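Me: I have a structure open and would like to learn how to read it. Could you take me through it feature by feature?

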Amino acid sequence: MWLELLYAATLVIVLCFGLVLVFGPPYLPTMHRQVEAAIKLANLKPGQTLLELGSGDGRVLVAAAQAGLNVVGYELNPLLFIFSWLRTRRYRKQVRVVFGNFWQMSWPKCDAIYVFLLPRLMAKLEQKINAERLNQVPLVSFAFKFKDLAPVSEEAGVFLYSLKH
Ligand SMILES: C[S@@+](CC[C@H](N)C(=O)[O-])C[C@H]1O[C@@H](n2cnc3c(N)ncnc32)[C@H](O)[C@@H]1O
């Protein structure tokens, strides 16, 4: 009985973390210093809104809320969605965690976007941002750069981009 439960739990975990790879990057959290750098580079005022694409365990959502921001995070892994929803419950007025595939959803109005994706997804990201008419808002990317676009600034491996054209 216990062994079957253990197998079932392992299967659920493998499926939740594995299936996401079809649609985007694996779960790898942004480190504390880079979370701070990202919030700083986004340069938002309290009450403004940050959009996080693939919000993982919710650490950026919490940091943004603690900085007085409103924040919307999309997360496709059901376990991480539940975990981050619980983790952010005390900031419910500021934080909205949405379960789903961010490529397939229409994004809310926001004042900055934060991502930690994969190099191969950066061009697709630019297309989606243009399609959502959000190219006027600053984009903050941890670790990965656009191929043909120079960042406006950089701190601790976190890059700030302007996609205005
Ligand atoms: C590299 S992790 C970054 C997590 C978080 N942003 C952070 O910086 O700590 C990428 C996250 O995006 C999620 N993800 C991947 N593809 C996705 C998609 N298409 N829609 C929503 N979430 C996705 C993964 O489950 C994972 O939690």
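Reply: Start with contacts: two residues are in contact if their C-beta atoms, placed from the backbone, lie within 7 Å. Keep in mind that this is a predicted model.

Me: With which residues is Tyr114 in contact, leaving aside its neighbours within four places in sequence?
Reply: Tyr114 is in contact with Ala38, Ala42, Leu50, Glu52, Val60 and Val140.

Me: How do I read the overall fold?
Reply: Begin with the elements and their order. The chain has five helices and seven strands, and along the sequence they follow the pattern α-α-β-α-β-α-β-β-α-β-β-β. The radius of gyration is 16 Å, close to the 15 Å that the globule rule gives for 165 residues, so the chain is as compact as a globular protein of that length. Along the principal axes, the C-alpha atoms fill a box of roughly 60 × 35 × 30 Å.

Me: Of the contacts between residues at least 6 apart in sequence, how many join residues at least 24 apart?
Reply: The share is 65%.

Me: How is a residue judged buried or exposed?
Reply: By counting neighbours: a residue is buried if 20 or more other C-beta atoms lie within 10 Å of its own, exposed if 12 or fewer, and partly exposed in between. Buried residues make up 35% of the 165 residues here. Take Leu51, in strand β1: it is buried, because 25 other C-beta atoms lie within 10 Å. Ala8, in helix α1 (residues 2-19), counts as exposed because it has 10 C-beta neighbours inside 10 Å.

Me: What does Leu51 touch, not counting residues up to four places away in sequence?
Reply: Leu51 touches Val72, Trp107, Pro108, Cys110 and Ile113. As for Gly73, it is 22 residues from Leu51 in sequence and 6.0 Å from it in space, C-alpha to C-alpha.

Me: And Asn70, is it buried or exposed?
Reply: Asn70 is buried, since 21 other C-beta atoms lie within 10 Å. This residue is found in strand β2. Leaving aside neighbours within four places in sequence, Asn70 is in contact with Gly47, Thr49 and Gln94. Asn70 and His32 are 38 residues apart in sequence and 19 Å apart in space, C-alpha to C-alpha.

Me: How should I look for a core?
Reply: The general idea is that, in soluble globular proteins, nonpolar side chains tend to be buried together. In this model the largest nonpolar core has 40 residues, and those with the most contacts inside it are Ala38, Ala42, Leu50, Ala112, Ile113, Tyr114 and Val140. Helix α2 (residues 32-42) gives the largest share of this core, six residues.

Me: How do I tell which side of a helix faces inward?
Reply: List the buried residues, then look down the axis. In α3 the buried residues are Val60, Leu61, Ala64 and Ala65. Seen down the axis of α3, they fall within an arc of 135 degrees, so they line one face of the helix. Their cover includes α2, β1 (49-53), β2, α4 (78-87), β3 (95-99) and β4 (112-115).

Me: Which residues are buried in α4?
Reply: In α4, Leu80, Phe81, Ser84 and Trp85 are buried. Around the axis they cover an arc of only 135 degrees, which puts them on the same side of α4. What covers them includes α3, β2 and β3.

Me: What should I note about backbone angles?
Reply: Look for positive phi values, and check whether the residue is a glycine. Asn43 is not a glycine, yet has a positive phi of about 55 degrees; it lies in the loop between α2 and β1. Ala143, also a residue other than glycine, has a positive phi near 80 degrees, and is found in the loop between β5 (139-142) and β6 (153-155). With 16 other C-beta atoms within 10 Å, Ala143 is partly exposed.

Me: Last, how do I read the surroundings of the ligand?
Reply: Ask which residues surround it, then what kind they are. The ligand is surrounded by 23 residues, of which the closest are Gly24, Thr30, Gly54, Gly56 and Leu76. The elements giving two or more residues to this shell are α3 (59-66) and β2 (70-75). By kind, the shell divides into 13 nonpolar, seven polar and three charged residues.

How values were computed. Residues numbered from 1 in each chain as written. Predicted model: local features only at pLDDT ≥ 70, side-chain atom pairs only at ≥ 80, totals over all residues. Core = buried A, V, L, I, M, F, W, Y, C linked by C-beta atoms within 7 Å. Helix = DSSP H or I, 4+ residues; strand = E, 2+ residues; numbered from the N terminus. Near = placed C-beta within 6 Å. Nonpolar A, V, L, I, M, F, W, Y, C, P; charged D, E, K, R; others polar. Rg over C-alpha atoms; globule rule 2.2 N^0.38 Å. Arc of directions from axis to C-beta.
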